[in-house]
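Biologist: I would like to learn how to read a structure feature by feature. Please take me through one, starting with a single pair of residues.

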Amino acid sequence: MAERKKRLSFNFETVGSIAAMVIGACALFVAWDQAQIMRKQQHASVLPAVSITSGFSTEPEGYAMRVAIKNDGIGPAMIESAELVVDGAPVSDWADLRDRLLPPQLHANFSSSLDSAIGMLAAGEKSEAILIFWPRNDETRAGFDALKARVFAADTANTYFGVCYCSVFEKCWVAGPENASRPKPVKKCDRAGDDVVARLLQTISEEN
């Protein structure tokens, strides 16, 4: 009888220990799950969403080509790098862009406004990275029409302006016309610090 009571007591203790372990594991899982939810909420609360817009406009004084960067998200975006690709090859400087993209009529007699792409872009903020303006005349009109036709006919996977940016939690994405509907997530911005707009700004002032 005593032996039986001893076995029952042992079984109860074993069951109690197992139950305590299960409850502890469940509590640990719940705590981990809540931490993951809170982490996702924190990331979502500062999520940037960068888009690139480019276009051509005819104005009373002449013709303009623009490229702008906008943050449509709810958190700041750190723009780490910017590139301009023409026919599948990155643009190195102004002479390279001029020779590979612009018709001869647009090689001279223009004004420009270039703003370095790299830096913090606040939620809802827009930065006009590239503005090139040609005065109105028959020659620049013909060149501008040829430029628009060339760009509109280009494959956006091979000719585009793109940026790599990160959130304050170091989650990073690549945005550009070739994936304008949804930025592509990446582990990090491999070419951080490389800014084609800064190179254009330096070299365009030397030539124009």
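Modeller: Start with Val 85, which stands opposite Pro 90 in strand E4. Keep in mind that this is a predicted model.

Biologist: How many bridges pair E3 with E4, and in which sense do the strands run?

Modeller: E3 and E4, the latter made of residues 89-90, pair over two bridges in the antiparallel sense. The two strands form a hairpin with two residues between them. In that turn, Asp 87 has a positive phi of about 55°.

Biologist: Which residue of E8 does Val 85 stand opposite?

Modeller: Tyr 160 of E8 stands opposite Val 85.

Biologist: Why is E3 described as largely enclosed?

Modeller: Burial is judged residue by residue, and a residue counts as buried if its relative accessible area is under 20%. E3 spans residues 77-86, and eight of its 10 residues are buried, so the rest of the structure largely encloses this strand. For the protein chain as a whole, 34% of the 208 residues count as buried.

Biologist: What is the order of helices and strands along the protein chain?

Modeller: The protein chain has four helices and 10 strands. In sequence order they follow the pattern α-β-β-β-β-α-β-β-β-α-β-β-β-α. Among contacts with a separation of 6 or more, 69% are between residues 24 or more positions apart.

Biologist: Let us turn to cysteines. How many disulfides does the structure hold?

Modeller: A disulfide is a covalent bond between the sulfur atoms of two cysteines. The structure holds two disulfides. With the bonded cysteines numbered in sequence order, the pairing is 1-4, 2-3.

Biologist: Which parts of the protein chain does the link of Cys 164 and Cys 189 tie together?

Modeller: The sulfur atoms of Cys 164 and Cys 189 are 2.0 Å apart. Cys 164 lies in strand E8, and Cys 189 lies in the loop between strand E10 (184-186) and helix H4 (196-207), so the link ties together parts that are 25 residues apart in sequence. Cys 164 counts as buried at 6% relative accessibility, and Cys 189 is buried at 9%.

Biologist: Is the disulfide of Cys 164 and Cys 189 left-handed or right-handed?

Modeller: Look at the torsion about the S-S bond. For Cys 164 and Cys 189 the torsion is about -90°, so this disulfide is left-handed. The link of Cys 166 and Cys 172 has 95° about the S-S bond and is right-handed. The sulfur atoms of Cys 166 and Cys 172 are 2.1 Å apart. Cys 166 is buried at 7% relative accessibility, and Cys 172 is buried at 6%.

Biologist: Now charges. How many salt bridges does a search of the whole structure find?

Modeller: The search finds 10 salt bridges. To read one, take the distance between the closest N and O atoms, then ask where the partners sit. Lys 148 forms a salt bridge with Asp 145, with those atoms 3.9 Å apart. Both residues lie in helix H3, residues 138-153, and are three residues apart, about one turn of the helix. Lys 148 is partly exposed at 22% relative accessibility, as is Asp 145 at 37%.

Biologist: Which residue forms a salt bridge with Lys 70?

Modeller: Asp 72 does, and the closest N and O atoms are 3.5 Å apart. Lys 70 counts as partly exposed at 34% relative accessibility, and Asp 72 counts as partly exposed at 45%.

Biologist: Which residues are joined with Asp 194 into one network?

Modeller: Begin with its link to Arg 199, where the closest N and O atoms of Asp 194 and Arg 199 are 2.4 Å apart. Asp 194 is partly exposed at 21% relative accessibility, and Arg 199 is partly exposed at 26%. Salt bridges that share partners join Glu 83, Arg 191, Asp 194 and Arg 199 into one network.

Technical notes:
Residues are numbered from 1 along each chain as its sequence is written. This is a predicted model: local features need pLDDT of at least 70, side-chain atom pairs count only at pLDDT 80 or more; totals for chains, interfaces and linings use all residues. Side-chain values use heavy atoms; hydrogens and water are left out. Buried means under 20% relative accessible area, exposed over 50%, partly exposed in between (1.4 Å probe, protein chains only). Two strands pair if DSSP finds at least two bridges between them. A disulfide is a pair of cysteine sulfur atoms within 2.5 Å. Contact means heavy atoms within 4.5 Å. A salt bridge is a side-chain nitrogen of Lys or Arg within 4 Å of a carboxyl oxygen of Asp or Glu.
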